[in-house]
Amino acid sequence: MESVTLQIAGMHCEGCAATLRALVEREPGVKAVAVSYQNGAARLLYDPEQTGAERLVAAIGRAGFRVIGCAP
């Protein structure tokens with residue numbers, strides 16, 4: 001398993017955070033998601049054999065949010 005913390009722009013409320021969490025949870029290989037509207041961040045735990053950070057960033061972008069930072 002690998003984890004990554006993504007700084008995300010475009011969340012305007014807790015509803016945005018919930019939408020983002022639900023979207024990312026559907027991606028193959030994602031095991032856990034925690035999204036914080038207050039911190040503007042999402043912490044993801046995923047199986048690198050099924051997905052990667054780049055794919056997760058792309059999924060977030062398709063939902064109308066923008067990843068502005070990434071840390072392991």
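**Exercise 1. Determine how the strands of this predicted model are arranged in its open sheet, and which of them lie at the edges.**

Solution. In this predicted model, 4 strands form an open sheet in the order 2-3-1-4, and their pairing is antiparallel. The edge positions belong to strand 2 and to strand 4 (66-71), each of which pairs on one side only. Between neighbouring strands of this sheet the turn is 25° on average, with direction ignored. Helix 1 (residues 14-25) packs on the sheet, where it touches strand 1 (2-9), strand 2 and strand 3, and the direction of helix 1 makes about 170° with that of strand 2.

**Exercise 2. Work out how strand 2 and strand 3 are joined, and describe the turn between them.**

Solution. Begin with the pairing: strand 2 (residues 30-36) and strand 3 (residues 41-46) run antiparallel and are joined by 6 bridges. Then take individual partners, among them Ser36, which is bridged to Ala41 of strand 3, and Val30, whose bridge partner in strand 3 is Tyr46. Finally, consider the connection: the two strands form a hairpin with 4 residues between them, and in the turn Gly40 has a positive phi of about 65°.

**Exercise 3. Identify the buried residues of helix 2, and explain why they lie on the same side of that helix.**

Solution. The first step is to list the buried residues of helix 2 (residues 53-62), which are Ala53, Leu56, Ala59 and Ile60. Because these residues cover an arc of only 120° around the axis, they are placed on the same side of helix 2. The spacing can be read against a general rule: an α-helix has 3.6 residues a turn, so residues three or four places apart point the same way. The next step is to look at the face turned away from the buried side, which carries the exposed residues Glu54 and Arg62. As for what covers the buried residues of helix 2, the cover includes strand 1, helix 1, strand 2, strand 3 and strand 4. Just after helix 2, Gly64 takes a positive phi of about 95°.

**Exercise 4. Trace which elements supply the largest nonpolar core, and which of its residues touch the most other members.**

Solution. This core has 18 residues, of which Ile8, Met11, Leu20, Val24 and Leu44 touch the most other members. At least two residues of the core are supplied by each of strand 1, helix 1, strand 2, strand 3 and helix 2, and the largest share, 4 residues, comes from helix 1.

**Exercise 5. Decide whether Thr51 is buried or exposed, and name its contacts.**

Solution. Thr51 lies in the loop between strand 3 and helix 2. Its relative accessible area is 7%, so Thr51 is buried, the cut-off being under 20%. Leaving aside neighbours within four places in sequence, Thr51 is in contact with Pro28, Gly29, Tyr46 and Leu56.

Technical notes
Residues are numbered from 1 along each chain as its sequence is written. This is a predicted model: local features need pLDDT of at least 70, side-chain atom pairs count only at pLDDT 80 or more; totals for chains, interfaces and linings use all residues. Side-chain values use heavy atoms; hydrogens and water are left out. Two strands pair if DSSP finds at least two bridges between them. Axes are lines fitted to C-alpha atoms, for helices over the stretch in contact, and angles run from 0 to 180 degrees between N-to-C directions. Contact means heavy atoms within 4.5 Å. Buried means under 20% relative accessible area, exposed over 50%, partly exposed in between (1.4 Å probe, protein chains only). The arc is that of the directions from the helix axis to the C-beta atoms. A nonpolar core is a set of buried Ala, Val, Leu, Ile, Met, Phe, Trp, Tyr and Cys residues joined through side-chain atoms within 4.5 Å.
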